[in-house]
Amino acid sequence: ANSATFKTNYWHKKPLLLQSADVAGAQWVRDAFTMENDVSLIDGSYISGHRTHDLLRNGTNTSTWTVLPLKTEPSQPTSYRRDVLTSLEDGTIYFNNAGSLWKNVGALCRLSNAAFG
C-alpha cells in the first residue's frame, strides 16, 4: 500500500470507499458515522459546504459538478433540518473541513493518509 504505483494509480485518483455493513468483514462501518449521531452535530455550527444544484435535481443539467452553497446566508449557523436534510433530498452534500466537527471521520482520514500516503 505504500508503493509508488499504488499511490499514483489508485490512492491519488480514487476516493476511499467504505463498504456498507452488509458486506462481509465490514460490520465495523455500520456505526462509525451515522446521520442521527454524527451529521446532526452540524446543527448550530458554521461549517460550510455545497449541495447539488437545482438544475441537476430537476434534470435540466447533467454535469456532476454543478453545485450551490449549502446555505443561502453563510454568516448564519448551519441548520441540520433546514440546510442538510433538505439538501439531501435528491442530492448530495460536499462539506468543507468536516473532520474538524466529526472527529471519527478526521481520524479515519489521518490514519488513511498515514498508511497510504
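Contact means heavy atoms within 4.5 Å. The model is predicted: local features need pLDDT of at least 70, side-chain atom pairs count only at pLDDT 80 or more, and totals for chains, interfaces and linings use all residues. Residues are numbered from 1 along each chain as its sequence is written, and side-chain values use heavy atoms, with hydrogens and water left out.

**Exercise 1.** Determine which residues Ser87 touches, and whether Ser87 is buried or exposed.

*Solution.*
1. Ser87 belongs to helix H3, residues 80-88 (helices are DSSP runs of H or I with at least four residues, strands are runs of E with at least two, numbered from the N terminus).
2. Ser87 has 4% relative accessibility and therefore counts as buried (under 20% relative accessible area, with exposed over 50% and partly exposed in between, for a 1.4 Å probe and protein chains only).
3. Leaving aside residues up to four places away in sequence, Ser87 touches Arg51, Arg57, Leu70, Thr92 and Ile93.
4. A polar atom of the Ser87 side chain lies 2.5 Å from the backbone oxygen of Asp83.

**Exercise 2.** Describe how helix H1 is placed against helix H4.

*Solution.*
1. The axes of H1 (residues 4-11) and H4 (residues 103-116) come within 10 Å and cross at roughly 135° (axes are lines fitted to C-alpha atoms, for helices over the stretch in contact, and angles run from 0 to 180 degrees between N-to-C directions).
2. H1 is therefore oblique to H4 (angles under 35 degrees count as roughly parallel, over 145 as roughly antiparallel, 65 to 115 as roughly perpendicular and the rest as oblique).
3. Phe6, Lys7 and Trp11 of H1 meet Ser112, Asn113 and Phe116 of H4.

Terms used:
A polar contact is a pair of N or O atoms within 3.5 Å; within protein, one must be able to donate a hydrogen and the other to accept it, and residues adjacent in sequence count only if both atoms are side-chain atoms.
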